[in-house]
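Visitor: I have a structure open and I'd like to learn how to read it. Could you walk me through some features, giving the idea before the case?

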Amino acid sequence: MSQYTLPKTYNFKTVEERLYEWWESNDYFKPRIEPGRQPYVISIPPPNVTGELHLGHAMFVAMEDLMIRYSRMRGIPTLWVPGTDHAGIATQLQVEKHLQEEEGITREELGREAFIERAWAWKAKYGGIITEQLRRLGASCDWDRERFTLDEGLSRAVREAFVRLYEKGLIYRGTYLINWSPGLRTAVSDLEVEYREEQGTLYYFKYPVTDSDEFIPVATTRPETILGDTAVAIHPNDERYRHLVGKTCRVPILNRSIPIIQDSYVDLEFGTGALKITPGHDQADYEIGQRHDLQVINVLNPDATMNANAGPYKGLDRYECRERLWADMQASGMTIKTEPYVLQVPCTQRGGEVVEPMVSTQWFVRMEPLAKPALEVVRRGDIQIVPERFTKVYYNWLENIRDWCISRQLWWGHRIPAWHCADCSEITVAREDPERCLHCGSTEIEQDPDVLDTWFSSGLWPFSTLGWPDDTEDLDYFYPTAMMETGYDILFFWVARMIMMGLEFTGQSPFHIIYLHGLVRDEQGRKMSKTLGNVIDPLEVMDEFGTDALRFSLLTGSTPGNDMSLGIQRVQANRNFANKLWNAGRLVLMGLEKAPDKLSDALEPTEADRWIKARLKLLMRDVDRLFSSHQYAEAGRQMYEFFWGEFADWYLEIAKLQLNAGGDRAWLTAETLVSVLDTCLRLLHPFIPYVTEELWGHLKHACQHHPAGYGPEDGWEEALIVARWPQPISWSEDDERAIERFTLIMDLVRAIRNLRVEKGVEPARRIAAIINSGDLTDLISAQRQAIAVLAGLDPEQLQVHESLETPPSDSVPLVVGSIEVYLPLAQMFDIDVERLRLTKELEAVKAQIKRLEDLLAGPFSERAPADVVQKERMKLSLLKETAIKLAGQLGVIG
RNA sequence: GGGCGGUUAGCUCAGUUGGUUAGAGCGCUGCGUUGACAUCGCAGAGGUCGUUGGUUCGAGUCCAAUACCGCCCA
């Protein structure tokens, strides 16, 4: 009876939570500070504090936890700093919605202070959910260092940063054209605006020239903006209207007089070739207006209704105004025509509601001086972006950067530390709340009502979370961080800004590698959205298949910077992999019991032992190479294939035999099993931490309770999470040969299996076989038992000969390389069928020979490297042997 | 308008610095249940690597052009 009766199926439900708590309570997530030693640090991309877990979170947690666990196992002081983001707009909207639903009141009715209190209460209530969910994913963050963008320390950092930038003249307040969201009643930055294609209309109408019967035909997609026009522009080369330049025309309905100007921005081909200029509500027009010193007229209220400048249309919603105005113009004969037109409608990234360009007084960050050093650090390689192609995207954005509108007319966020003086109208910006105006000493000062863009505080994240602006031990030791791992969709929003802020405030790049993962999509490659109903909830997936299965799917299914499709079937397959690991582990544990206490004599490893160890070495080497080039997915896939396709499918089958042989053979086999399994668990741990830790614990326990004392040379570590990462071991010729020799055995076994199936031999039936193995007789004889078991042969009736003078009759012949095999399946032997089969095979081999001979006769043998040529020569000679054997067998059949 | 990515098996995707008859998972077909695992095993079918041209002894891989799909920026 086994001492370790593990269940037949891996049950993640009884494992995950227990292990996570065990890891956390043993402080395995906490780094030791080892002065002089370079630590490995990742700052988590902080999720929205009241957000819900989605696959994007699962993706970054899986990736980062992989990197963190790998680093930790390598013995490097490793820190993953967790935290959450206050997410200004998102959270405020949630709280507002809740307020409306539960109490039927608006935030304005509640008042600013009370509202902020509610928001904090909301955060207190729901803020822990997301971090709990990150734990569930196995995130090995140091939770004692958890931060929140709106906590006291970070608020101080934000304030310090703001004041410094202001003092340097990099923050300014001014009245410019910005993106206004009427729905949210706040300004948003350029980045937060997305363009949506919509079917719209292009309206053609007449701009009457003052004191003349002439008119200029003009086209617009937004007729309501006519009310804010302050010029009509034509191209300098445009002959048609040249004579009108310098004259004025009259705004329809309002009859305001506006100039006719020339500007090369005007596209001669578009519309009528003349452009109405609305500096108050269009970016391009705004710039033209600046060039020509045009008046800026705002016709909109903050809620997107028309204001007094719209004259008779005052109070109407903008779309209603559009219709009415057009109808009025039609009535007075000023319209020409309309035609369908596809518009690019600006919308907010969040709500999706239409954004109106509008002139407004806001706070801005001057970006160019910050962008320059940020470009420089990437150019000189201090920061490397993976995949590399995003470097170009990054350059392009920074080289064409525009000033950043950082003020938001919200309540939930970092309040701008600026006070306006009622007496002198000057602004006081200060680290501590001032009592009086810095300019005139007046006490009649009031703090600016706006808060900062959420991304302003996120930009400080890698150092603010470590204590900046204070000179803390953490900041000193852990900063700059090593890796910034996140989705490419926030390269500008977040990553670029962190680099700029990091350089500005700390003088150092905040991290050295940027690894950008792709976005997770559904099986058809579509974005997941609630409206499409194709959202996969990671929590449900984990409930059904376990965390490891989800992690492994995300980690092996994606390549850097490329989107991935996640299918549930893939997760299921990986759940099966966890189970495969588990059962292979069970077999090893049971095998241990068959091993004697100690080795009685020196004993050579078997061919299979040598092979699996050599293959494992190759795997370690590949994994090392792949990890260092950030090809984590490929590394994971190779581990999977090695474990399942080689260790489980082949070695374990042979190991059963070797264990049953008992004695020293069993002892040595158990040792190999333990060693290979142990190494595999170490390699796989960063990918699938739970099942590996659990199984490793059993393995360790079993080994420690076995008198043989199997285990790693330096003994078993406390836990897999802190166990040593396997180091690639040197490669030798012997390893090469071990792989070649065993590969031949596998080929032989496979060939026999194929033939069995082809001949319809029942799987359970043991059949006889005669092998003529020539030079390889030593190898084949030594492996006869293994071959017999794997190929379903009867060991009693398995003959291995070095040469065979008279081949057996009535036997099905086959050739593997230079080895001949005869399966005496008399009743299934059909001479015609065999002849045909052998002839076909011979033809195929001959074709191969021809191909290689041609190749070697050509320039290949002179131009290609010697080892490549040699390889082909070897292949050719083996094929020739095969051909001879096949021809011989055909001759026998007659 | 500028830039980027994708196009490989029925589906979802891998594929080192170019090395010579292209891989995985799922799906499909056939067979198989007394001891690691049916969340499994054995075997099989299935691909002119979008198209065209080029470089090379050799191209899925490098270059150029082109088509389609998608993304980003303006």
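Visitor: What covers the buried residues of H9?

Guide: Two terms first. Helices (H or I, at least four residues) and strands (E, at least two) are DSSP runs, numbered from the N terminus, and contact means heavy atoms within 4.5 Å. In this predicted model, the cover over the buried residues of H9 includes helix H6 (152-167), E14, strand E15 (384-386), helix H10 (390-399) and helix H14 (491-506).

Visitor: Before we go on, how was this worked out?

Guide: Local features need pLDDT of at least 70 and side-chain atom pairs count only at pLDDT 80 or more, while totals for chains, interfaces and linings use all residues; side-chain values use heavy atoms, with hydrogens and water left out. Residues are numbered from 1 along each chain as its sequence is written, and chains are lettered from A and ligands numbered from 1 in the order in which they are written.

Visitor: Which residues of H9 are buried?

Guide: Buried means under 20% relative accessible area, exposed over 50%, and partly exposed in between (1.4 Å probe, protein chains only). In H9, Leu-370, Ala-371, Ala-374, Leu-375, Val-377 and Val-378 are buried. They cover an arc of only 165° around the axis, so they sit on the same side of H9; the arc is that of the directions from the helix axis to the C-beta atoms. The face turned away from that buried side carries the exposed residues Glu-368 and Lys-372.

Visitor: Why can a helix have sides at all?

Guide: An α-helix has 3.6 residues a turn, so residues three or four places apart point the same way.

Visitor: What span should helix H9 have?

Guide: The expected span of a helix is 1.5 Å times one less than its number of residues. For the 12 residues of H9 (residues 368-379) that should be 16 Å, and the end C-alpha atoms are 16 Å apart, which agrees. Just after H9, Gly-381 takes a positive phi of about 85°.

Visitor: How many bridges join E7 to E13?

Guide: E7 (residues 193-208) and E13 (residues 335-348) run antiparallel and share 13 bridges, with Glu-197 standing opposite Gln-344 in E13. E7 also pairs with E8 (residues 215-220) in the antiparallel sense, over 6 bridges, and there Tyr-207 has Ile-216 as its bridge partner. E7 and E8 form a hairpin with 6 residues between them, and Asp-211 in the turn has a positive phi of about 55°.

Visitor: Now cysteines. How many disulfides does the count come to?

Guide: A disulfide is a covalent bond between the sulfur atoms of two cysteines. The rule here is a pair of cysteine sulfur atoms within 2.5 Å, and by it the count comes to 0 disulfides. For Cys-440, the nearest cysteine sulfur is that of Cys-421, 3.5 Å away. Cys-680 has its closest cysteine sulfur in Cys-703, 14 Å off, which is too far for a bond. Cys-680 is buried at 3% relative accessibility, and Cys-440 is partly exposed, with a relative accessible area of 40%.

Visitor: Which side chain does Arg-431 join in a polar contact?

Guide: A polar contact is a pair of N or O atoms within 3.5 Å; within protein, one must be able to donate a hydrogen and the other to accept it, and residues adjacent in sequence count only if both atoms are side-chain atoms. Arg-431 lies in the loop between E19 (427-429) and E20 (445-447), and a polar contact of 3.3 Å joins its side chain to that of Glu-167. Not counting residues up to four places away in sequence, Arg-431 touches Arg-159, Glu-160, Val-163, Arg-164 and Glu-167.

Visitor: And what does the side chain of Thr-454 reach?

Guide: Thr-454, found in helix H11 (residues 454-458), reaches the backbone nitrogen of Gly-88 at 2.8 Å with its side chain. Thr-454 is buried, with a relative accessible area of 13%.

Notes: Two strands pair if DSSP finds at least two bridges between them.
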